[in-house]
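Reader: I want to learn how to read a structure like this one. Where do we start?

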Amino acid sequence: MVETNGIRLHCAVEGEGPLVLLLHGFPECWYSWRHQIAALAPHYRVVAPDLRGYNESDRPDAVDAYRTDVLVADVHGLIEAFGQSRATIVGHDWGGAIAWLFATRHPEATERLAVLNCPHPAIMAEHLRRNPRQLLRSWYMFFFQIPWLPETLLGLNRAWAIAQGIRRSAVHADRITDDDLEHLRDAASRPGALRAAINYYRAMLRTPEARAGLPAWWQRFLYGSPVPSDTPRTRDEWPRITAPTLLIWGERDVALGPELVEGTETLITAPFTLRRIPDAGHWVQQEQPELVNALLLEFLSGQRDVETTDAKPA
(Lines give C-alpha, C1' and ligand atoms only; values in the text may rest on other atoms or scores of the structure.)
Protein backbone atom coordinates (compact mmCIF):
# COMPACT_ATOMS: atom_id res chain seq x y z
CA MET A 1 0.00 0.00 0.00
CA VAL A 2 1.54 3.30 -1.12
CA GLU A 3 0.52 6.74 0.11
CA THR A 4 -0.03 9.22 -2.70
CA ASN A 5 -2.14 12.35 -3.15
CA GLY A 6 -4.01 11.79 0.11
CA ILE A 7 -5.04 8.18 -0.54
CA ARG A 8 -3.50 4.70 -0.45
CA LEU A 9 -2.97 2.73 -3.65
CA HIS A 10 -2.34 -0.99 -3.64
CA CYS A 11 0.62 -1.75 -5.93
CA ALA A 12 2.20 -4.87 -7.36
CA VAL A 13 5.96 -4.19 -7.24
CA GLU A 14 8.78 -6.24 -8.68
CA GLY A 15 12.32 -5.79 -9.98
CA GLU A 16 15.08 -3.20 -9.69
CA GLY A 17 16.25 -0.45 -12.01
CA PRO A 18 14.61 2.54 -13.73
CA LEU A 19 11.02 3.07 -12.62
CA VAL A 20 8.21 1.89 -14.92
CA LEU A 21 4.56 2.46 -13.95
CA LEU A 22 1.87 0.24 -15.50
CA LEU A 23 -1.60 1.81 -15.39
CA HIS A 24 -4.55 -0.50 -16.04
CA GLY A 25 -7.90 0.26 -17.63
CA PHE A 26 -11.61 -0.35 -17.05
CA PRO A 27 -12.81 -2.68 -15.59
CA GLU A 28 -9.54 -4.30 -14.52
CA CYS A 29 -6.81 -4.03 -11.88
CA TRP A 30 -3.05 -4.53 -11.59
CA TYR A 31 -3.54 -8.19 -12.62
CA SER A 32 -4.12 -7.26 -16.27
CA TRP A 33 -0.34 -6.53 -16.42
CA ARG A 34 0.72 -9.94 -15.08
CA HIS A 35 2.56 -10.89 -18.28
CA GLN A 36 4.32 -7.54 -18.57
CA ILE A 37 5.44 -7.49 -14.92
CA ALA A 38 7.21 -10.80 -15.41
CA ALA A 39 8.91 -9.63 -18.62
CA LEU A 40 10.00 -6.17 -17.45
CA ALA A 41 11.03 -6.90 -13.86
CA PRO A 42 14.46 -8.37 -14.75
CA HIS A 43 15.42 -4.95 -16.14
CA TYR A 44 13.23 -2.36 -14.40
CA ARG A 45 11.54 -1.43 -11.13
CA VAL A 46 7.98 -2.25 -12.17
CA VAL A 47 5.02 -0.80 -10.28
CA ALA A 48 1.48 -1.77 -11.29
CA PRO A 49 -1.03 0.02 -9.06
CA ASP A 50 -4.70 -0.62 -8.62
CA LEU A 51 -5.89 2.83 -9.69
CA ARG A 52 -7.93 4.76 -7.15
CA GLY A 53 -11.29 3.11 -6.59
CA TYR A 54 -10.17 -0.26 -7.92
CA ASN A 55 -9.59 -3.56 -6.16
CA GLU A 56 -7.59 -3.01 -2.93
CA SER A 57 -6.93 0.73 -3.35
CA ASP A 58 -8.87 3.42 -1.50
CA ARG A 59 -12.28 4.34 -2.91
CA PRO A 60 -13.39 7.92 -2.26
CA ASP A 61 -17.13 8.46 -2.61
CA ALA A 62 -17.41 11.73 -4.53
CA VAL A 63 -17.48 11.80 -8.32
CA ASP A 64 -15.06 14.74 -8.25
CA ALA A 65 -12.50 12.47 -6.58
CA TYR A 66 -12.05 10.83 -10.01
CA ARG A 67 -11.35 13.95 -12.08
CA THR A 68 -8.48 13.54 -14.51
CA ASP A 69 -6.34 16.12 -12.71
CA VAL A 70 -6.70 14.07 -9.50
CA LEU A 71 -5.77 10.84 -11.32
CA VAL A 72 -2.70 12.53 -12.80
CA ALA A 73 -1.71 13.74 -9.32
CA ASP A 74 -1.95 10.14 -8.06
CA VAL A 75 0.65 9.08 -10.63
CA HIS A 76 2.95 11.98 -9.80
CA GLY A 77 2.71 11.05 -6.13
CA LEU A 78 3.57 7.43 -6.91
CA ILE A 79 6.78 8.45 -8.64
CA GLU A 80 7.78 10.49 -5.61
CA ALA A 81 6.75 7.70 -3.22
CA PHE A 82 9.26 5.41 -4.93
CA GLY A 83 11.99 8.00 -4.48
CA GLN A 84 12.19 9.12 -8.10
CA SER A 85 11.60 12.33 -10.01
CA ARG A 86 10.94 10.67 -13.40
CA ALA A 87 9.44 7.43 -14.67
CA THR A 88 8.35 5.66 -17.81
CA ILE A 89 4.55 5.66 -17.92
CA VAL A 90 2.72 2.78 -19.60
CA GLY A 91 -1.08 2.82 -19.77
CA HIS A 92 -3.92 0.82 -21.29
CA ASP A 93 -7.50 2.03 -21.81
CA TRP A 94 -8.27 4.45 -18.93
CA GLY A 95 -4.69 4.02 -17.76
CA GLY A 96 -3.70 5.16 -21.23
CA ALA A 97 -5.83 8.30 -20.92
CA ILE A 98 -4.12 9.09 -17.62
CA ALA A 99 -0.73 8.41 -19.21
CA TRP A 100 -1.43 10.81 -22.12
CA LEU A 101 -2.50 13.55 -19.71
CA PHE A 102 0.41 12.93 -17.35
CA ALA A 103 2.93 13.30 -20.17
CA THR A 104 1.18 16.48 -21.30
CA ARG A 105 1.09 18.07 -17.84
CA HIS A 106 4.33 16.70 -16.38
CA PRO A 107 6.93 16.51 -19.17
CA GLU A 108 9.68 16.93 -16.58
CA ALA A 109 8.61 13.69 -14.90
CA THR A 110 8.00 11.59 -18.04
CA GLU A 111 11.01 9.56 -19.15
CA ARG A 112 9.13 7.66 -21.85
CA LEU A 113 5.45 7.11 -22.66
CA ALA A 114 3.78 3.94 -23.93
CA VAL A 115 0.03 3.70 -24.52
CA LEU A 116 -2.01 0.64 -25.48
CA ASN A 117 -5.41 0.98 -27.16
CA CYS A 118 -6.27 4.44 -25.96
CA PRO A 119 -6.33 7.45 -28.29
CA HIS A 120 -4.91 10.81 -27.36
CA PRO A 121 -7.71 12.78 -25.62
CA ALA A 122 -7.67 15.48 -28.30
CA ILE A 123 -8.25 12.92 -31.05
CA MET A 124 -10.91 11.10 -29.05
CA ALA A 125 -12.79 14.37 -28.49
CA GLU A 126 -12.68 15.16 -32.21
CA HIS A 127 -14.09 11.78 -33.15
CA LEU A 128 -16.86 11.95 -30.56
CA ARG A 129 -17.93 15.25 -32.15
CA ARG A 130 -17.55 14.30 -35.82
CA ASN A 131 -17.49 10.53 -36.19
CA PRO A 132 -20.97 8.98 -35.77
CA ARG A 133 -19.54 5.47 -35.83
CA GLN A 134 -17.22 6.16 -32.92
CA LEU A 135 -19.98 7.94 -31.06
CA LEU A 136 -22.10 4.79 -31.41
CA ARG A 137 -19.20 2.61 -30.26
CA SER A 138 -18.89 4.82 -27.17
CA TRP A 139 -22.55 4.46 -26.15
CA TYR A 140 -21.56 3.02 -22.77
CA MET A 141 -19.88 6.29 -21.75
CA PHE A 142 -23.28 7.98 -21.83
CA PHE A 143 -25.08 5.04 -20.21
CA PHE A 144 -22.59 5.35 -17.33
CA GLN A 145 -23.87 8.86 -16.60
CA ILE A 146 -27.07 7.36 -15.13
CA PRO A 147 -26.87 7.21 -11.32
CA TRP A 148 -26.47 3.81 -9.61
CA LEU A 149 -28.01 1.69 -12.43
CA PRO A 150 -24.82 0.80 -14.40
CA GLU A 151 -22.86 -0.37 -11.38
CA THR A 152 -25.86 -2.32 -10.11
CA LEU A 153 -26.30 -4.21 -13.37
CA LEU A 154 -22.58 -4.87 -13.86
CA GLY A 155 -22.23 -6.09 -10.29
CA LEU A 156 -24.93 -8.75 -10.45
CA ASN A 157 -23.84 -12.35 -9.81
CA ARG A 158 -20.38 -11.29 -8.65
CA ALA A 159 -19.68 -9.13 -11.70
CA TRP A 160 -20.62 -11.88 -14.17
CA ALA A 161 -21.22 -9.26 -16.90
CA ILE A 162 -17.67 -7.96 -16.52
CA ALA A 163 -16.18 -11.37 -17.28
CA GLN A 164 -18.57 -11.95 -20.18
CA GLY A 165 -17.85 -8.53 -21.67
CA ILE A 166 -14.10 -9.11 -21.62
CA ARG A 167 -14.33 -12.60 -23.05
CA ARG A 168 -16.77 -11.72 -25.83
CA SER A 169 -14.82 -8.67 -26.94
CA ALA A 170 -11.47 -10.48 -27.00
CA VAL A 171 -10.14 -11.69 -30.33
CA HIS A 172 -8.26 -14.50 -28.58
CA ALA A 173 -10.59 -15.32 -25.72
CA ASP A 174 -8.67 -18.51 -24.97
CA ARG A 175 -5.71 -16.42 -23.81
CA ILE A 176 -7.76 -14.94 -20.98
CA THR A 177 -8.50 -17.98 -18.85
CA ASP A 178 -11.31 -18.65 -16.43
CA ASP A 179 -8.83 -18.12 -13.58
CA ASP A 180 -7.85 -14.75 -15.05
CA LEU A 181 -11.49 -13.70 -15.21
CA GLU A 182 -12.00 -14.83 -11.63
CA HIS A 183 -9.28 -12.39 -10.53
CA LEU A 184 -10.99 -9.55 -12.38
CA ARG A 185 -14.42 -10.50 -11.05
CA ASP A 186 -13.06 -10.56 -7.50
CA ALA A 187 -11.61 -7.08 -7.97
CA ALA A 188 -14.82 -5.68 -9.48
CA SER A 189 -16.94 -7.25 -6.73
CA ARG A 190 -15.30 -5.38 -3.87
CA PRO A 191 -17.82 -3.03 -2.21
CA GLY A 192 -17.98 0.25 -4.11
CA ALA A 193 -15.39 -0.73 -6.72
CA LEU A 194 -17.70 -0.64 -9.73
CA ARG A 195 -19.23 2.65 -8.65
CA ALA A 196 -15.74 4.12 -8.35
CA ALA A 197 -14.73 2.75 -11.75
CA ILE A 198 -17.82 4.21 -13.42
CA ASN A 199 -17.25 7.52 -11.64
CA TYR A 200 -14.21 7.93 -13.91
CA TYR A 201 -16.65 8.33 -16.80
CA ARG A 202 -19.00 10.55 -14.83
CA ALA A 203 -16.18 12.86 -13.83
CA MET A 204 -14.73 12.86 -17.34
CA LEU A 205 -17.79 14.44 -18.95
CA ARG A 206 -17.64 17.25 -16.39
CA THR A 207 -14.09 18.29 -17.30
CA PRO A 208 -13.49 21.49 -19.28
CA GLU A 209 -11.77 19.49 -22.06
CA ALA A 210 -14.83 17.27 -22.55
CA ARG A 211 -17.22 20.22 -22.43
CA ALA A 212 -15.18 22.36 -24.81
CA GLY A 213 -16.74 20.85 -27.93
CA LEU A 214 -20.29 21.77 -26.88
CA PRO A 215 -21.94 25.00 -28.02
CA ALA A 216 -21.67 27.78 -25.41
CA TRP A 217 -25.45 27.88 -24.85
CA TRP A 218 -25.46 24.12 -24.16
CA GLN A 219 -22.58 24.48 -21.71
CA ARG A 220 -24.52 27.15 -19.81
CA PHE A 221 -27.67 25.00 -19.81
CA LEU A 222 -25.92 21.84 -18.58
CA TYR A 223 -23.18 23.26 -16.37
CA GLY A 224 -24.17 26.84 -15.58
CA SER A 225 -21.24 28.45 -17.40
CA PRO A 226 -19.01 27.98 -20.43
CA VAL A 227 -15.56 26.43 -20.05
CA PRO A 228 -12.56 28.64 -19.23
CA SER A 229 -11.13 30.45 -22.24
CA ASP A 230 -7.76 28.69 -21.95
CA THR A 231 -9.28 25.19 -22.35
CA PRO A 232 -7.96 23.48 -25.51
CA ARG A 233 -10.75 23.01 -28.04
CA THR A 234 -8.80 21.59 -30.99
CA ARG A 235 -5.70 19.44 -31.25
CA ASP A 236 -3.70 22.52 -32.30
CA GLU A 237 -4.35 24.05 -28.88
CA TRP A 238 -3.13 21.02 -26.89
CA PRO A 239 0.38 21.10 -25.41
CA ARG A 240 2.76 18.81 -27.26
CA ILE A 241 4.25 15.71 -25.65
CA THR A 242 8.03 15.90 -25.44
CA ALA A 243 8.83 12.34 -24.29
CA PRO A 244 9.59 9.49 -26.73
CA THR A 245 6.24 7.79 -27.27
CA LEU A 246 5.05 4.34 -28.30
CA LEU A 247 1.44 3.64 -29.28
CA ILE A 248 0.46 -0.04 -29.49
CA TRP A 249 -2.91 -0.68 -31.11
CA GLY A 250 -4.88 -3.92 -31.32
CA GLU A 251 -6.77 -3.22 -34.52
CA ARG A 252 -9.81 -5.42 -33.79
CA ASP A 253 -10.93 -3.29 -30.84
CA VAL A 254 -14.72 -3.33 -30.63
CA ALA A 255 -14.91 -0.04 -28.71
CA LEU A 256 -12.24 2.09 -30.38
CA GLY A 257 -11.86 2.34 -34.15
CA PRO A 258 -8.42 2.02 -35.80
CA GLU A 259 -8.87 5.50 -37.26
CA LEU A 260 -8.29 6.92 -33.76
CA VAL A 261 -4.53 6.51 -34.16
CA GLU A 262 -4.40 8.80 -37.20
CA GLY A 263 -2.75 12.14 -36.54
CA THR A 264 -1.26 11.19 -33.17
CA GLU A 265 2.21 12.13 -34.41
CA THR A 266 1.10 15.78 -34.74
CA LEU A 267 0.69 15.96 -30.95
CA ILE A 268 4.21 14.74 -30.16
CA THR A 269 7.49 16.56 -30.76
CA ALA A 270 9.66 13.64 -29.62
CA PRO A 271 10.28 10.37 -31.52
CA PHE A 272 6.97 8.56 -32.04
CA THR A 273 6.43 4.88 -32.83
CA LEU A 274 3.09 3.36 -33.83
CA ARG A 275 2.86 -0.43 -33.78
CA ARG A 276 -0.40 -1.89 -35.04
CA ILE A 277 -1.31 -5.45 -34.07
CA PRO A 278 -3.86 -6.72 -36.61
CA ASP A 279 -4.63 -9.96 -34.72
CA ALA A 280 -5.61 -8.45 -31.36
CA GLY A 281 -8.47 -6.55 -29.82
CA HIS A 282 -8.88 -4.14 -26.95
CA TRP A 283 -7.23 -6.41 -24.34
CA VAL A 284 -4.04 -6.40 -26.37
CA GLN A 285 -1.48 -7.01 -23.60
CA GLN A 286 -3.43 -10.07 -22.47
CA GLU A 287 -4.25 -11.39 -25.94
CA GLN A 288 -0.75 -10.99 -27.40
CA PRO A 289 1.49 -10.84 -24.30
CA GLU A 290 4.72 -12.07 -25.90
CA LEU A 291 4.49 -9.57 -28.74
CA VAL A 292 3.54 -6.67 -26.47
CA ASN A 293 6.38 -7.57 -24.10
CA ALA A 294 8.87 -7.57 -26.96
CA LEU A 295 7.62 -4.19 -28.22
CA LEU A 296 7.82 -2.65 -24.75
CA LEU A 297 11.31 -3.98 -24.06
CA GLU A 298 12.53 -2.75 -27.44
CA PHE A 299 11.02 0.69 -26.87
CA LEU A 300 12.18 1.08 -23.26
CA SER A 301 15.73 0.24 -24.26
CA GLY A 302 15.63 2.93 -26.96
CA GLN A 303 16.49 0.46 -29.71
CA ARG A 304 13.87 1.70 -32.14
CA ASP A 305 12.01 4.98 -32.39
CA VAL A 306 9.94 6.59 -35.13
CA GLU A 307 8.19 3.77 -36.93
CA THR A 308 4.69 2.93 -38.06
CA THR A 309 4.18 -0.72 -38.87
CA ASP A 310 2.11 -3.81 -38.31
CA ALA A 311 3.52 -5.94 -35.51
CA LYS A 312 3.05 -9.68 -35.82
CA PRO A 313 3.82 -12.56 -33.44
CA ALA A 314 7.10 -14.32 -34.14
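Author: We start with the words. Helices are DSSP runs of H or I with at least four residues, strands are runs of E with at least two, and both are numbered from the N terminus. Keep in mind that this is a predicted model.

Reader: How many residues line the second largest pocket, and which lie nearest its centre?

Author: The lining has 21 residues. Nearest the centre of the pocket are Phe26, Trp139, Tyr140, Gly165 and Trp283. The space in this pocket is about 550 Å³.

Reader: What is the make-up of the lining of the second largest pocket by class?

Author: There are 15 nonpolar residues in the lining, along with three polar and three charged ones.

Reader: Phe26 came up there. What is the peptide bond from Phe26 to Pro27, cis or trans?

Author: Read omega. For the bond from Phe26 to Pro27, omega is near -5 degrees, and the bond is cis. Pro27 sits in the loop between strand S4 (19-23) and helix H1 (34-40).

Reader: Now helix packing. At what angle do H2 and H3 pack?

Author: The angle between helix H2 (residues 68-81) and helix H3 (residues 94-105) is about 75 degrees, and their axes are 9 Å apart. Angles of 65 to 115 degrees count as roughly perpendicular. H2 is therefore roughly perpendicular to H3.

Reader: Which residues of H2 and H3 meet?

Author: From H2 come Thr68, Asp69, Leu71, Val72, Val75, His76 and Ile79. From H3 come Trp94, Ile98, Leu101, Phe102 and Arg105. By class, this contact of H2 with H3 has eight nonpolar, two polar and two charged residues.

Reader: His76 is in that list. Which residues is Glu108 in contact with, leaving aside its neighbours within four places in sequence?

Author: His76 is one of them; the others are Ser85 and Arg86. Glu108 itself lies in the loop between H3 and strand S7 (110-116).

Reader: Sequence distance and space distance are another pair to read. How far apart are Glu108 and Ala243?

Author: Along the sequence, Glu108 and Ala243 are 135 residues apart. In space, their C-alpha atoms are 9.0 Å apart.

Reader: What about Thr152 and Arg195?

Author: They are 43 residues apart in sequence and 8.4 Å apart in space, C-alpha to C-alpha. Thr152 belongs to helix H7. At 37% relative accessibility, Thr152 is partly exposed.

Reader: How far apart are the C-alpha atoms of Arg275 and Asp236?

Author: Their C-alpha atoms are separated by 24 Å, and the two residues are 39 apart along the chain. Arg275 lies in strand S9 (residues 272-277).

Reader: Is Arg275 buried or exposed?

Author: Arg275 is buried, because its relative accessible area is 8%.

Reader: Last topic: backbone angles. What is the phi of Asn5?

Author: Phi of Asn5 is positive, about 55 degrees, although Asn5 is not a glycine. Asn5 is in the loop between strand S1 (2-4) and strand S2 (7-9). With a relative accessible area of 38%, Asn5 is partly exposed.

Reader: Where is Asn157 found?

Author: Asn157 is in helix H7. Its phi is near 55 degrees, again a positive value in a residue other than glycine. At 58% relative accessibility, Asn157 counts as exposed.

How values were computed: Residues are numbered from 1 along each chain as its sequence is written. This is a predicted model: local features need pLDDT of at least 70, side-chain atom pairs count only at pLDDT 80 or more; totals for chains, interfaces and linings use all residues. Side-chain values use heavy atoms; hydrogens and water are left out. Axes are lines fitted to C-alpha atoms, for helices over the stretch in contact, and angles run from 0 to 180 degrees between N-to-C directions. Angles under 35 degrees count as roughly parallel, over 145 as roughly antiparallel, 65 to 115 as roughly perpendicular and the rest as oblique. Contact means heavy atoms within 4.5 Å. Ala, Val, Leu, Ile, Met, Phe, Trp, Tyr, Cys and Pro count as nonpolar, Asp, Glu, Lys and Arg as charged, and the others, Gly among them, as polar. On a 1 Å grid over the protein atoms alone, a cavity is a set of points where a 1.4 Å probe fits but cannot get out, and a pocket is an open set with protein on both sides within 12 Å along at least five of seven lines; lining residues have an atom within 4 Å of a point. Grid points are joined across faces, edges and corners, and a volume is the space filled by probe spheres set on the points. Buried means under 20% relative accessible area, exposed over 50%, partly exposed in between (1.4 Å probe, protein chains only).
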